[in-house]
Amino acid sequence: MSAVQPSDGSDTSFRTNGSDLQTQEVAEEAYFLQPGRLISSLIGVRTPCADPSQLWDVQLRNGIVESVAPHGTSGSAYSKEELCFQNYLLAPSLCHPHIHLDKCFLLSDPRYSDLAITRGTFTEAIKLTSKAKARFEAEDLQRRGRWLVEESVAAGVSCMRAFVEVDVLVHFMCLEAGLKLKREFQSVCNIQICVFAQDPVFSGRNGPENRRLVEEALKWEGVDVLGCTPYVEQSSHFVHANVDWAIYTAIKCQKHLDIHLDYNLDPEANPVVGYAVDSLQKQSWKAQAPSKTIVFGHCTRLTLFTSAQWESLRSTIADLPVSFVGLPTSDLFMMGKPGEIEGGGQRYRGTLQIPQMIQKYDFKGTIGINNVGNAFTPHGSCDPLSVASLGVGVYQAGTKQDAELLYECVSTNAKDAIGCRTAGLEVKPGDQADFILFGPAGNNSPGTRPRKALHEIVYDPPRQRITIYQGRISSS
């Protein structure tokens, strides 16, 4: 980042040779962008809901937005420090609504090098991950988890829902690692810990013991969410039992609920989502857990719904705090693989059409990364904006309004889905100061093509970002 000049274009701070000036500019930049530095003002920034030609002065106090005013209306002179973010685009920070902390980067780690993908199927991914889990150690889990959190914060993430598995194979090892990372990074990121039942909790030899371990884990301090995968059960009876148990247990323990549902593209398979909504209503979720949210993840079977089925589901959900999370990188990799004897020309793909669900049917929706660097999703990064950008093509959502909605799906909508304090795209007094600064526009340095509006960020996410969490720089 080049040193920012005062608004009148003059700079009387330095009258020295070029080498000394450059050295001082570098030192100033290092100070201005120092992680942990408390920000009291963001002067001359662009905001998502205003005309890109307008600049704004945003004042912060104790990590909260105190005021927002047109640039220069205060009449005061600005210091070089105050102007260090001039011409940047200020936007809400990003969120991972659904990411697996314990099985990230398995394909990058030498200790798992023999567990390479050979078929790319869901069944293979389950088997490879089970083999990897048998080798998990505390140091290994924390090291890979730390990579994920650090890369996420650098991308602009200020909160995430992190899944950690609890079962007879790993017991509480993943949970312990997740809670340590939650404490380690609490000053730069709000990490929600989701105790996740990836394996059956009713069927099979280990079902009852898995269920007991999950229920025990929910008592641990720092656990925020119960997650489950009913579709791994061995019969529809046990699938329904899994759903009912998860809802009952989340209410009993007063946790958010995250159910992974209907992960198939089989037109003959009966969707479970309707049963889950009915169970939520019968168990009086709104009355019994009024501050807790519900997320339905994957739900690829729903892509086969007719308009009438979508409208019926929306009516059934009514005012339940349900959000759907689409996971396009995982869904596109896993869903619709052709059979071995087929020519390969027919490749059905299925991932929830989140923008359409929001715009046409008034659902709450978000998109997320799910996995990174493992057999479920070998490709991609920890950057939520990469998924938003992918969504332009996947959802054929190319208008400016579409792009802004896709940004919300990895930012404000995502935060709302997992129950984090949030606001809309508009920056206004009272908001928590969790932001990303993109830019600066007008910087003529190589590789810093200006992006003055949110849709430009989604079309082609820039690398240069500054993350602010609770009013402090967390990454730059």
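The model is predicted, so local features need pLDDT of at least 70 and side-chain atom pairs count only at pLDDT 80 or more, while totals for chains, interfaces and linings use all residues. Residues are numbered from 1 along each chain as its sequence is written, and side-chain values use heavy atoms, with hydrogens and water left out.

**The chain as a whole**

- The chain has 15 helices and 15 strands; these are DSSP runs numbered from the N terminus, with helices (H or I) of at least four residues and strands (E) of at least two.
- Of the 476 residues, 53% are buried, meaning under 20% relative accessible area with a 1.4 Å probe and protein chains only.
- Contacts are heavy atoms within 4.5 Å; among those with a separation of 6 or more, 77% link residues 24 or more positions apart.
- The accessible surface is about 20100 Å², and carbon and sulfur atoms hold 49% of that area; the Shrake-Rupley method with a 1.4 Å probe gives such areas.

**The nonpolar cores**

- A nonpolar core is a set of buried Ala, Val, Leu, Ile, Met, Phe, Trp, Tyr and Cys residues joined through side-chain atoms within 4.5 Å.
- The largest one has 107 residues, and Leu175, Trp285, Phe296 and Tyr407 are among those with the most contacts inside it.
- Helix H6 (residues 236–253) gives this core its largest share, seven residues.
- Another core lies apart from it, with 19 residues including Phe32, Val65, Leu90 and Val427.
- Beyond residues up to four places away in sequence, Phe296 touches several others, including Ile259, Leu280, Val322 and Phe324.

**A look at Asn374**

- Asn374 sits in the loop between strand E12 (364–367) and helix H12 (384–394).
- Asn374 counts as buried because its relative accessibility is 0%.
- Setting aside neighbours within four places in sequence, Asn374 is in contact with Lys103, Leu106, Leu107 and Ile117.
- Thr129 is 245 residues from Asn374 in sequence, yet their C-alpha atoms are 8.1 Å apart.

**The cysteines**

- A disulfide is a covalent bond between the sulfur atoms of two cysteines; here, a pair of cysteine sulfur atoms counts when within 2.5 Å.
- The structure holds zero disulfides.
- Cys159 is in none, and its nearest cysteine sulfur, that of Cys95, is 3.5 Å away.
- The sulfur of Cys228 is too far for a bond, because the closest cysteine sulfur, in Cys194, is 8.7 Å away.
- Cys159 is buried at 4% relative accessible area, and Cys228 is buried at 0%.

Technical notes. Buried < 20%, exposed > 50% of the residue type's maximum accessible area, 1.4 Å probe, protein only.
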